[in-house]
Amino acid sequence: MGAMVWLFDTPPRGVDNVGRPLGWPGSALIARAAQGAGCGPDPAATCDIARLDDGRSRCRRCGAWWSASQVARYGAVARSDESIGVDIEDRRRRPGAYRRASVWCGVDLTTPEQWTQAEALWKAMGLGHREPAAGEIPLSPTWQLGWQPSRDGAWWLYSDTGLCPWSVAVPRHGRSLPPSVSTVRKDY
Ligand SMILES: [Zn+2]
């Protein structure tokens, strides 16, 4: 089935009590993407998506895995028949967060692109509900556009920067070729 990615332009939702723009809940973005996307082999059905205790989302009927991420103006949703994680960020640099993530990843993390790879991996690993330990996220020392394996070879990562930086991660299972990925741009 490969990976399917929806990129949403999201309307503003106001700001929180310290003035930061509010994003849309991940569950709302997933529900929006699932509309008309079919469920397993049935194009007329809609996935019945449950949130698991580990933070991942999965369809109760066809077993598809779903993941969502959002920044102020954009949202990203990904679907795959294997555990998948997606992350989207704006281009704002966050040196403090990067320093912390460098410890989690065991490599020097200095860009929003690397940050999206780290988050996507962590979500796909089903560990997004807790903070990573030192070196626990197998990020490669360098990132590239398109597909690349994780540092430990256990994951495929796909990264793009067209709209803003985003990445998805899926298990590799020893496959030499990455899965297909298709991207859909949508208004929320
Ligand atoms: Zn389904």
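The following legends describe a series of views of one predicted model.

Residues are numbered from 1 along each chain as its sequence is written. Because the model is predicted, local features need pLDDT of at least 70 and side-chain atom pairs count only at pLDDT 80 or more, while totals for chains, interfaces and linings use all residues.

**View 1. The protein chain as a whole.** The secondary structure comprises 3 helices and 10 strands (DSSP runs numbered from the N terminus: helices are H or I with at least four residues, strands are E with at least two). Along the sequence, these elements follow the pattern β-α-β-β-β-β-β-α-α-β-β-β-β. The radius of gyration is 16 Å, close to the 16 Å from the globule rule for 188 residues, so the chain is as compact as a globular protein of that length (the radius is taken over C-alpha atoms, and the rule is 2.2 Å times the number of residues to the power 0.38). The C-alpha trace spans about 45 × 45 × 30 Å along its principal axes.

**View 2. The open sheet.** In the order β2-β3-β4-β5-β1-β10, 6 strands form an open sheet with mixed pairing (two strands pair if DSSP finds at least two bridges between them). The edge strands, each pairing on one side only, are β2 (49–51) and β10 (181–187). On average, neighbouring strands are turned by 25° against each other, direction ignored (axes are lines fitted to C-alpha atoms, for helices over the stretch in contact, and angles run from 0 to 180 degrees between N-to-C directions).

**View 3. The pairing of β1 with β10.** Strand β1 (residues 3–9) pairs with β10 in the parallel sense over 7 bridges.

View 4. Buried residues of α1 are G26, L29, I30, R32, A33 and A34 (a residue is buried if 20 or more other C-beta atoms lie within 10 Å of its own, exposed if 12 or fewer, and partly exposed in between). After α1 comes G36, whose phi is positive, near 80°.

**View 5. The largest nonpolar core.** This core has 45 residues, and those with the most contacts inside it are A76, V77, V86, L121 and V168 (a nonpolar core is a set of buried Ala, Val, Leu, Ile, Met, Phe, Trp, Tyr and Cys residues joined through C-beta atoms within 7 Å). Leaving aside residues up to four places away in sequence, V86 touches residues including V5, A76, V77, W166 and V168.

Notes:
Contact = placed C-beta atoms within 7 Å.
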